[in-house]
Number of protein chains: 2
Amino acid sequence: MRFVAEVREQPAALLRVLAQAGDVEAAARALVARRPAVVRLVGHGSSDAAAVYGGYAFGLLPGWTALRDSISLAVHYDAPVDLRASAVIALSQSGRTPDVIEYVERARARGALTIAVTNDDESELAAAAEVALALDAGEERAVAASKTYTATLATLALLAAGCAGRGSEMASGLARTASLLADVLDPVERAVGPVAHALGDVGRMYVIGRGVESATAREMALKLKETCRVAAEPLSATALVHGPVAALDPLFPVWAVVSRDPALASVAAACTRAAEAGATLVASGSAAGDIAEARWTLPLPAAPLPVLAPLLSVLPGQLFAARLAAVRGLDPDRPAGLTKVTLAS
Amino acid sequence: MRFVAEVREQPAALLRVLAQAGDVEAAARALVARRPAVVRLVGHGSSDAAAVYGGYAFGLLPGWTALRDSISLAVHYDAPVDLRASAVIALSQSGRTPDVIEYVERARARGALTIAVTNDDESELAAAAEVALALDAGEERAVAASKTYTATLATLALLAAGCAGRGSEMASGLARTASLLADVLDPVERAVGPVAHALGDVGRMYVIGRGVESATAREMALKLKETCRVAAEPLSATALVHGPVAALDPLFPVWAVVSRDPALASVAAACTRAAEAGATLVASGSAAGDIAEARWTLPLPAAPLPVLAPLLSVLPGQLFAARLAAVRGLDPDRPAGLTKVTLAS
C-alpha cells in the first residue's frame, strides 16, 4: 500500500527538510527584512491543514500575525486589498493548484513578498513566487498526502523559528522529532488495529483538537473522508460544544487529539461533553491518558518542542485511516473520484 | 416553534439594525481613524460563521484585511503578538462566551481597538470592548440562532460599508433586503417541505459555498447538526474537490449555496463533481437554476448588493432544518445537550 509506505517514510522526509535548512533560513531573512504586518497562508486539502499549523507556528515563535487567507477574495472577486505590508506563504504539494498559483501571481503584483512551499521546485507555483522552498520529500504517489504534509509542517516550523532567531534550536528539535516518529511507527500501527475493527461500520465522526492541534484534527478528518468514506468533520474543541455536540450518539464517535499543552483543559472539557452525549471517544496524543472517558487511548511521546507536537500527533490518524480503509474493503491509494493533482479551482 | 418564529422575525430584526446605523457609523469612524493593518474577527458557532462573512465584507467594501483570528493563540498560549495595528470585532449573541471575553480583554491590553457586536449591550463582552454595538434583535429564545445571525451580518455589512464611505448605500440595500426576505418567507417555507421529506433519513451531508457564501454554508451546516442531528460539514466548493468528494454516495447529499457572483463557476464545477460521485444535489440561492444536476432547486431573488446575498441565502437552510427536524421527530428548540448560552471555553 503506497499510502502506508509513505506514512512510514515521514521520518526520512523530515530529515530531508533539515537538509534544506539553509534555503529556509534565507527565506526567513527575507521575511524578517520585510517584517510583514500579516503573513497570509493559502492552500487546499492537506495544504490547508498545514496552513492552520503555520498560523500557530508564526504566532508562537516570532509572535507574528499569520492567518489563512481567502483565495476567492483575491482570485474570484479581485478585492482591492493593499498587500505591500504582507507576505504570502502558498502551500501545494504538486505546485499545480490553479487558484493557488493565481492567488500568488495576484498577491505578488499587489506588492506581497511571496513564498511557495512545494514538493516540485520546477512547478508553476514555484516559478510564480519570489521565493520557492522545496520539500524534497520524494515523489508522493498515494492520492492521500502524508509525508508531504509533515514535511510542510516541518518547513513552516523552521521558517517561523528562523524569523524568531531560533532556527538551530528548531532544527535540533526536528531531528529529534524524526527519531521519535520512527520509534512509534510500529507501536502505533499495532495500536490502531482494534480501534479500526471496532469502528468498521462508522459513517460519521468528529475529530477535535485545539490550538496547534487544530491542524491535526483537520488533516486526520480529511484522511478519513478521502480514504474511508467517513463523514469526518474537524472541529475545534470549543466549536464542538457550540452546537455540533447535539448530533452525537453512540454510533457517532469523537476522535480527540490531546497534547500536553496550554489548550489541554479545553479539549478535556469537550471530551467530557462528548461522552455525556453518548459518543464513543478515541483519544490520541501525548496527553491522551488524561481523557478518562476514552474507550481507546493511543498515547504518544511528548515532542521536543511543544510546537512540533502535530508532526507526531497526525500519525495515529494516518495509520487508523489506512487500517479502517482495509477493514471497509477500500483501497486508500485509490479514493473514489480523486486524482493526485486537483486542477479545479 | 420558537426557532421558526424567530426565523420569520428576521426582516424586522434587519430593520432594527438599521435603527442602530448611527452607532455603527460612529464605530466605522473609529476604525477609519485607526486604519488597522488587520481586522481580527472572533466568535463561536453562528458567530464564527458571521466572522467568515465579515472577512468578505471588509475585503470587498473598504478593501481591508479582515480575518478570523485564533482565540486559543491569545487566550491559551498567550502568544506575544503586537496588536497596536489591529482592530478586533468580537461576535457573541449572548455577550457571555468566556473565551471571547478573555480574548477581547487581552487584545485590548495589547493595544487593539476592540469592538463587540452582541444582542445584550449590558453583557460582560459589551463592557470588555472599547466600542459595543447592540444588535437589538429582541430576545432570541431558540437555542439555534437565526435572527441574531442575520442581524450580525447586517451590522458587519453596515460597518464595513461605513469604512468605505458607503454607509447610506448599504442602509438602503439592507432595507430592500429586509423587504425581499419578508417576501420569500412563505414560498421558501413551502418549497423546503418536499426536500425535507425526501431527505428524512439522511445522516451525512456537505453544505458547499464559496466566497461570501462560505459563511452561509457554515451556518446552514451548523443548523443541521444542532437541530437535525445530521453530520453536515461545511466546505468551500474547492475544498470539496480536494478530497472530501471521495466520501460521497447517493445517500450522502450535497447542498450547494449558489449565488450569482464571481465565485459561481467554482461552485458549479464542484456541483458537477458531486453529481459524478453519485450524490443527490440540492441547490439554493439566486443562481440555483444554473445547477442542471440539482434534484431540487430553491431559487431566491438577487440581493440589492452582491455582498448582501448571504442575508437571503441562509433562509432556505434555516427553514429546511426546521422542517427536517420535524420530519425526524426532533424539537429544534431543544437540541440534545445544548443550552442557549455556552459557558465552556
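Predicted model: local features only at pLDDT ≥ 70, side-chain atom pairs only at ≥ 80, totals over all residues.
Before you start: local features need pLDDT of at least 70, side-chain atom pairs count only at pLDDT 80 or more, and totals for chains, interfaces and linings use all residues. Residues are numbered from 1 along each chain, chains are lettered from A and ligands numbered from 1 in the order written, and side-chain values use heavy atoms, without hydrogens and water.

**Both chains.** Select chain A and chain B.

**The interface.** Now select the residues in contact (heavy atoms within 4.5 Å). There are 65 from chain B and 65 from chain A. Next, pick B:Tyr77, B:His242 and B:Ala246. They supply 13% of the area that chain B buries against chain A, more than any other three residues (buried area is the accessible area, 1.4 Å probe, lost on putting two parts together, summed over both).

**A salt bridge.** Zoom to B:Lys225 and A:Glu233. Their side chains meet in a salt bridge at 2.8 Å, N to O (a Lys or Arg side-chain nitrogen within 4 Å of an Asp or Glu carboxyl oxygen). The count between the chains is four salt bridges.

**The shared surface.** Colour the interface residues of chain B. 100% of them are also interface residues in chain A, so the copies meet through the same surface.

**Last stop.** Which residues of the lining are closest to the centre of the second largest pocket? Select B:Asp201, B:Val202, B:Pro250, B:Leu251 and B:Pro253, from a lining of 14 (a pocket is an open set of points on a 1 Å grid over the protein atoms alone, where a 1.4 Å probe fits, with protein on both sides within 12 Å along at least five of seven lines; lining residues have an atom within 4 Å of a point).
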